[in-house]
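Here is a short briefing for a first look. Keep the structure in view while reading.

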Protein chains: 2
Amino acid sequence: MKALAVIAVLAAIVGLVVAVVLAMWIKNSDQGTDRMKEISGFIREGAFAFLKREYKIMAIVIAVLFLLIGICIGWVTAILYIFGAVLSVLAGFFGMNVATWGNVRTANAAKESGMNKALKIAFRSGAVMGLAVSGLGLFGLGIVVVCLDLATVTQCITGFGFGASSMALFGRVGGGIYTKAADVGADLVGKVEAGIPEDDPRNPAVIADNVGDNVGDVAGMGSDLYESYVGSMISAITLAAVAAAASGGLFTQEVAALFPLIMAAVGILSSIVGILLVRGKEGSNPANALNMGTYIAAGCVVIVSIILSKAMLGSFMFAVAIIAGLIVGVAIGKITEIYTSGDYSSVKKIAEQSQTGSATTIIAGLGVGMMSTVWPILCISVGIFAAYFATETVGPGMGMYGIALAAVGMLSTTGMTVAVDAYGPVSDNAGGIAEMAELPAEVREITDKLDSVGNTTAAIGKGFAIGSAALTALALFASYSAVTKLTMISLLNPIVIIGLFIGAMLPFMFSAFTMNSVGRAANQMIEEVRRQFRADAGILAGTSKPDYAHCVDISTKAALKEMIVPGLMAIIAPLAVGIILGPEALGGMLAGALASGVLLALMMANAGGAWDNAKKYIEEGHYGGKGSEAHKAGVVGDTVGDPFKDTSGPSINILIKLMTIVSVVFAPLFVAIGGLIG
Amino acid sequence: MKALAVIAVLAAIVGLVVAVVLAMWIKNSDQGTDRMKEISGFIREGAFAFLKREYKIMAIVIAVLFLLIGICIGWVTAILYIFGAVLSVLAGFFGMNVATWGNVRTANAAKESGMNKALKIAFRSGAVMGLAVSGLGLFGLGIVVVCLDLATVTQCITGFGFGASSMALFGRVGGGIYTKAADVGADLVGKVEAGIPEDDPRNPAVIADNVGDNVGDVAGMGSDLYESYVGSMISAITLAAVAAAASGGLFTQEVAALFPLIMAAVGILSSIVGILLVRGKEGSNPANALNMGTYIAAGCVVIVSIILSKAMLGSFMFAVAIIAGLIVGVAIGKITEIYTSGDYSSVKKIAEQSQTGSATTIIAGLGVGMMSTVWPILCISVGIFAAYFATETVGPGMGMYGIALAAVGMLSTTGMTVAVDAYGPVSDNAGGIAEMAELPAEVREITDKLDSVGNTTAAIGKGFAIGSAALTALALFASYSAVTKLTMISLLNPIVIIGLFIGAMLPFMFSAFTMNSVGRAANQMIEEVRRQFRADAGILAGTSKPDYAHCVDISTKAALKEMIVPGLMAIIAPLAVGIILGPEALGGMLAGALASGVLLALMMANAGGAWDNAKKYIEEGHYGGKGSEAHKAGVVGDTVGDPFKDTSGPSINILIKLMTIVSVVFAPLFVAIGGLIG
C-alpha cells in the first residue's frame, strides 16, 4: 500500500514542478520601466526583511516547542514538528517571492498588452502560492507516510500539524498586524489628513502598505490554508484506525489513512487543470474566468471521489462526505460574496446608512457582519450532518472519519483556492506600482478592475478559510477524543461548562489583543508619517522623496513585537486548561473556542469586507460619491473594517486550529495528569 | 413545611408594603413649577401609552402560548404561565409609575433642598421598582408553593418562569429599541446637526428620549431581573428532588425546594435594610451611599445564609454556594466599573484614541469590550466551580442544585440591585426635566452629578444582569437535563456540535435584528426631527413648540413593530431545534447560545459603557474638550455604543434565559418526539 503514498508524493512533486514552471514564466515577463523596477525592489526588500526577522523569532519559539514536545511526548513527534514548520516556511518564502515578481509584471502587462495578459500574470503569481502550499503540504505528509510505519505515523503525525499551525499563527497574526498598521497609518494621514490619493508616492507609508499586502495577504493567508490543508488530512489519518474498526473489515486502517492523501493528490492535479484553464477575455469580467477555474477543479474532484470512494473504501458514502465538504466550501464562498459585494443589498444598505454619518455606518456594518453568520453556520451544520450520517451508515463509529473527509474534500482544491485568493493582493500591488510609477490612467483602470475582482475573491477566500478552519478544527477535535480515549465530553459536567465558557472567551480576548496591536502599531505609523510631512514640506510638494524605509521598519518592529502575546496565548491556554482542569474541561474549551471563534471570525471578516465595498460603492458615485459626507463615513467604516477582516478575523481561524492541535499533541500528558483540580 | 412558604409570602408582602409606603412618600413630595409638571406629564403619558400598547401586543402572544402550553404540556403549567406574566406586568406598571413620579420630584428637590434630598428621592424611586420586582416575584412563587402540592409545583412551576421570560423579552427588546431610537435620533439631529444641547426643549425628540429611559431602562431592566430572580428559584425548585436524593436523607425534597424561597425572603428583608440606610451626605460622592447600601444588604444575606444552610439543609456547604454567587455578582459589578468608568485606564485609552478620529475610537472601544469579557468569565467559572464542588461534597449529584443556589444567592439582593440600577434613569430624567424647564444651572449641576453616578451604576447593573442571566440559564440548563432525563449531552455527538454551532449563532443573529431595528427606527426619528425643523423655523429659534407627541408616536410604533421578529425568534428557535433535531441537539444549542451569548452581551454592554464615558471624559476637558475633533469622534463612539449597551447587549440576557426555559417547559414534547431527523 506504500505505493499509494508514493503516488501522493509524485502528485505533490508534479504540483511543485508546475509551480516552478509558472514562476519561471512570470520571471521571464518584462518588468517595465526603471522606476517600476525600483518600486518593486523596495517592496520585495521590505517583504523579505520582515519575513526573515519573523522567522528568526519563530525559530526560538520552534526550538522551545521542539524540546517541550520531545521531552513530554516523544522525539519523532518533535522532529515531525520541525518538518511541518520548515515546509510552511518554504511555502511562504517561495510563494511570496513569486508574488513580488508578479506585481510589477502585472502592472507592466497592463501597460503593454492589456487586461488579458495582466490577469494571466496576476493569477499565475497566485497560482504559484497555491501550488506551493498544497504541493509542499502533501509532499511532507506523503514522505512521512512513506518513511514511517503506520503505528508511528498515527501516533506522531500530529507533530507535523502542530509545526504547520504554530508557523501559521505567527504568520497570520504578524502579517495581519503589519499590513493593517501600514494601511491604517497610510490612509489616516495620507488620504484623510493630507488629502492625497491612495498609493501616492508622496506618502511615506506607501511602500510599507504594499509590503503588507505581501506578508499578510499572501504569505500569512498561505500559511493559514497550508495548516488547514495538512490538518484535515492529519485528522483523517489519526481517525483511520477507528474508521477501519467501524468498517467491519470493509477496508484496513492503512487504506483509510491513505485515502485522504490520494484525494489530496487528485485535488492538486484538478487544481492544475483549473489553473491552466483560467484565461480572461478582453472586455469580459475577470471574475468569470476565476470562477470557471474553481468550478472545473471542484468538478474533477467530485467525479474522481465517487470512483475512489467505492474502489478504495468499498462504499459511495465516503464520496458523499467529500462532496459535502466541497459544496459547503463553495456555498460559504457564495454567501460571503452576497454579504460583502457591492452588487447586493447588504453593502448598499451600509452605504445608504453612511448618509447619516459614521455612527450609523458602523452600526449597519456590524449588523451585516452578525447577520452574515447565519447561513454559513447552517451550511456547516448541514455539511457535518451529511458527512457524519452518510458515513455512519457504513458502520457505527465511522461518522467522525466522515467529518474529517468533509474537511479533506473542502480543502482538496486548496491549490486553486489559494491561487484565486492570492491573485487579489498581487493585483492590488500592481495597482500600487502603477500609481507610484505614474503610469497612464488606462493602466490604473485595468489594475483597478483586477483589484476590485480581487477584493471580492479575497472576501470569498476569507469565508472559505473560516469554513475550512471550522471543519478542520472539528475533525481534529474528533482526533482529540480518539487520542484521549474519552468516550464522552458531557455538557452536564460543570467542568466541561467551565471549559466551554473559557473557550468561548478566548477568541474575544485574542481579538482584543490583535485589534489593540493594530491600533498601537498604526498610531506609531501615523506619528511617523506626520513627522515626515512636518520635517520636509518638499515631500507633499513632490520635490523630495519620503523615507520609505523608516516606515517599513516601524511596521516590521511593531508587528514582530505585537505578535508574541497573542501567539503565546494560543499555545499556553490549552496547555494550562489541560493540565489544571483536565482533558474533559479541555474538550469543553475547544468546543467553546470553536463555536464562538467561528462566529466572531465570520462576523469580523464579513463586516470588514462589507464596509470596504460600501466605501467603494459610494466612490462609484452613489450618495454623493467621493468627498461627500457619506464617503467620509464610508472611510471610517473601511478603516474599522481593516483590522476586522485582515488581522483579527482571519487570525481566529488559526487560534481554533492551533489550540486543537496543541491539545491533540499533548493529550497523553493531560490524560496522565488527569487535571490538577478538575 | 408549608409554614415556611407562608413566611416567604409574608416577607414578599412586607417588601411590597415598604414599596407602597416609599411610593406614597415620593408622591407627597413637591413637583415644582407648572412647567415641570407639564413636562413630567408628557413623559408619563408617553411612557404609559407605550406600555399599554406593548402589553396589548403581548397579550396576543401570551394567549397563543397559553393555548400551546395547555395543549402540548398541561393546563396547570399554562395557568402558571399567565400568572408569571401578569405579575411581571404589575411590577413593570407599578415600578415605572413611581419612576415617573420620582423624576420631576428629584429635579424639584435638587432645586429646593440640594443634593441630599434629590438623591433620596431618586434612589427611593428606584427602590420601589426593586421591591416591586422582588416582592411580586417571591409573592407569586410563594403562593404557588402554598397552594399546590409539591409534585405539581415541581412539574409545572417552569410555566411561571416562562411567563416571566416572555414578558421580559418583549419588555427588554421593545423598551431597548424605543429608548435608543429616540436617543440616537435626538442626538444625531439635535446635538450634531443643529448644535443644540442635550435635553433641549427645542428638540422634538426630547420627550421621546426621556420616555425611553423609563420604558427601557426602568421597566425593561426590571422585567429582565424579575425573570432572573424567579428563574433562579425555579431552577432550584425543579432540582430539589435530585438534591434530596443526593443528600442521603439529610433533607427532604420539600426543604430543598423551600430553601431558595427562604433565602429570597432573607434577601428582600436585607434589601429593605440596605435601602433604608442609603442616605447621601451633602458634598460627598453619592456612589458611596449606594455602595454602602449594597454591601449591607449582601452582608445580611451572607450571615443568615450560613445559619440557614446548616439549620435547614444540615451542611454549611450550601452557604458556600449562596456566597459564591453573591461574590461573583459583586465582582462582576466591580470589573464592569473598571472597564467602563472614566476613572480607569480603558476609558482613558479610548478617549486618547479619539484624537485620531472616529475609526480609532471604534477600534479601541471594541478592543476594550472584548477584553472586558475575560475577568467576568473567569469569575463565573470560579463561582460555578465553587458552588458545584462544595455542594458535591455533601453527596454526589448535589452539584447542580449548588449551581442553582449560587444563582439564587447572586439574585437574593435583587431588591437592592434593581434599586441602584433604576436610580440611574430617574436621575437622568430629572436632569432632562431640569434642562427643559430651564431651571438654574446649579440644579442641573446636582442632577448631572447624580446622573454621572447613575451611568456607572447602570453599567454595573448591566454586568450584574448578564452574570445573573448566565448563572440562571446554567441552572435552568441543569433543570432541562433533569426534566429530559438525559444523562449526558456529549460534545462527541455531532448532533450536539450542530446544536452548539446553531446556538452560538443565535445571539449574533438576534443582535443583528435588534441593531438593525434601532437603525431603522432611529432613521425614522431623524427624518421626523429634520422635517419639523424644516417645516417651522420657529422651533429652533425657540418661538414655537415642537410636536413632541409625533416623535413619541414614531418611537412607539417602531419599537412595537421591531420587537416582533427577534421576540418570536427566541421562542421558535428552541422549539424548532428540539422538535427537528431532538433533545440532545437542543442541549447543545442551549450551551452554545449561553456561551456565545454571555460573551457577546458582556462585550456589547461594556464597549457601550466605555464609549459613553470616554465621551464624557473628553467633555470634562481632556484632548480638547467639547467641540474638539476628539469629542466628535467620542460622540460617534457613544452613538454606536447606544444600541450596544441598551438594546442588543441586555436583550441577549433574556434570549439565553428564555430559550432555556422554553426548552424546559416543552422538554416532555421533545422527548416524546425524539427529534424528527436527529
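The points below cover the fold of one chain, the contact between chains and one helix pair.

This is a predicted model. Chain A has 22 helices and zero strands. Its contact with chain B takes 60 residues from chain A and 60 residues from chain B.

**Overall build of chain A**
- The radius of gyration of chain A is 24 Å, close to the 26 Å from the globule rule for 678 residues, so chain A is as compact as a globular protein of that length.
- Along the principal axes, the C-alpha atoms of chain A fill a box of roughly 75 × 50 × 45 Å.
- Of the 678 residues in chain A, 71% are buried.
- Among contacts in chain A with a separation of 6 or more, 86% join residues 24 or more positions apart.

**Where chain A touches chain B**
- Elements that give two or more residues to this side of chain A include H12 (358–371), H16 (441–484) and H22 (629–673).
- H17(A) provides the largest share, 17 residues.
- The residues on this side of chain A are 40 nonpolar, 20 polar and no charged.

**A helix pair in chain B**
- Helix H3 (residues 75–112) of chain B packs against helix H16 (residues 441–484) of chain B at an angle of about 125 degrees, and their axes are 9 Å apart.
- At that angle, H3(B) and H16(B) are therefore oblique to each other.
- The crossing of H3(B) past H16(B) is right-handed.
- H3(B) contributes Ala107(B), Ala110(B) and Lys111(B) to the contact, while H16(B) contributes Val443(B), Ile446(B) and Thr447(B).
- Four residues of this contact are nonpolar, one is polar and one is charged.

Definitions and conventions
Residues numbered from 1 in each chain as written. Chains lettered and ligands numbered in written order. Predicted model: local features only at pLDDT ≥ 70, side-chain atom pairs only at ≥ 80, totals over all residues. Helix = DSSP H or I, 4+ residues; strand = E, 2+ residues; numbered from the N terminus. Rg over C-alpha atoms; globule rule 2.2 N^0.38 Å. Buried ≥ 20, exposed ≤ 12 C-beta atoms within 10 Å, placed from the backbone. Contact = placed C-beta atoms within 7 Å. Nonpolar A, V, L, I, M, F, W, Y, C, P; charged D, E, K, R; others polar. Axes fitted to C-alpha atoms, helices over the stretch in contact; angles between N-to-C directions. Parallel < 35°, antiparallel > 145°, perpendicular 65-115°, else oblique. Left-handed = near helix turned anticlockwise from the far one by under 90°.
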